[in-house]
Amino acid sequence: MNNWRYKLFQFMQGRYGMDEFGRFLLIVTMIVILLSNFRYLHFLYLAGLLLLVYTYFRIMSRNIFKRQRENQKYLSIKNRFTRKGGQQSNVSPFRRRKKSGGWGENDNSQYNFYRCRNCGQVIRVPKGKGTLKITCPKCGNSFIDQT
């Protein structure tokens with residue numbers, strides 16, 4: 001069993017793998033193939049198979065830069081329709097906490113992140129310092145907020 005896993009790991013070395021756009025394509029593929037089971041929608045089966053082939057092509061691709069660009073384009077379109085990372089109703093418009101993700105998730109746990117009203121610059125302020133006058137280093141705009 002370990003030998004099989006090792007060979008699979010060796011095969012996938014240097015290949016792109018799965019990302020959010022790939023998951024989206026797989027879900028759309030399943031929906032299209034399920035819809036093809038209805039009486040007059042058999043032409044959708046071919047479309048579903050083509051989507052499945054494209055999805056596996058993306059997973060097995062060695063052109064990582066191109067696949068990352070496709071994923072970024074998908075995420076930018078997705079973020080237009082979802083409110084992820086946008087304003088929250090109980091938070092003032094210039095105070096948005098930056099969501100940290102990836103490898104540096106714990107690095108920013110001791111800071112609050114604010115966005116300047118004028119220029120949109122993200123400002124990092126230490127947590128637990130009480131009420132502070134925060135000044136934007138880019139444009140000089142200042143505001144008072146709780147940290």
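Reply: Apart from neighbours within four places in sequence, R67 is in contact with Y16, D19, F57, R58 and S61, where contact means heavy atoms within 4.5 Å. The model is predicted: local features need pLDDT of at least 70 and side-chain atom pairs count only at pLDDT 80 or more, while totals for chains, interfaces and linings use all residues. Residues are numbered from 1 along each chain as its sequence is written, and side-chain values use heavy atoms, with hydrogens and water left out.

R67 sits in helix 4, residues 64-81. Helices (H or I, at least four residues) and strands (E, at least two) are DSSP runs, numbered from the N terminus. With a relative accessibility of 5%, R67 counts as buried. Buried stands for under 20% relative accessible area and exposed for over 50%, with partly exposed in between (1.4 Å probe, protein chains only). The side chain of R67 also makes a polar contact of 2.7 Å with the side chain of S61. A polar contact is a pair of N or O atoms within 3.5 Å; within protein, one must be able to donate a hydrogen and the other to accept it, and residues adjacent in sequence count only if both atoms are side-chain atoms.

Side chains of opposite charge can pair when their charged atoms come close.

R58 has a further partner: its side chain and that of E70 form a salt bridge of 2.8 Å, N to O. Since R58 lies in helix 3 and E70 in helix 4, the pair ties together parts that are 12 residues apart in sequence. At 2% relative accessibility R58 counts as buried, whereas E70 is partly exposed at 22%. Salt bridges that share partners join D19, R58, R67 and E70 into one network.

Another salt bridge is between the side chains of K78 and E20, at 2.9 Å, N to O. This pair links distant parts of the chain, with K78 in helix 4 and E20 in helix 2, 58 residues apart. K78 is partly exposed, with 23% relative accessible area, and E20 is partly exposed as well, with 34%.

Next, the surface. W4, L8, F11, Y56 and M60 make up a nonpolar patch there, with about 520 Å² of accessible area together. Patches are made of residues with over 30% relative accessible area and no salt bridge; like charges are joined within 9 Å, and nonpolar side chains (Val, Leu, Ile, Met, Phe, Trp, Tyr) within 5 Å. Accessible areas come from the Shrake-Rupley method with a 1.4 Å probe, and for residues only the protein chains shown count as cover. Helix 1 (2-12) and helix 3 (43-60) each supply at least two residues of the patch, and helix 1 gives the most, with three. M60, in helix 3, is partly exposed at a relative accessible area of 31%.

Then the strands. Strand 1 (residues 111-115) has four of its five residues buried, so it is largely enclosed by the rest of the structure. It pairs with strand 2 (residues 122-126) in the antiparallel sense over five bridges; two strands pair if DSSP finds at least two bridges between them. R115 stands opposite V122 in strand 2. The two strands form a hairpin with six residues between them, and G120 in the turn has a positive phi of about 85°.

Finally, the whole chain. It has four helices and four strands, in the order α-α-α-α-β-β-β-β from the N terminus. Of its 147 residues, 23% count as buried.

Technical notes. A salt bridge is a side-chain nitrogen of Lys or Arg within 4 Å of a carboxyl oxygen of Asp or Glu.
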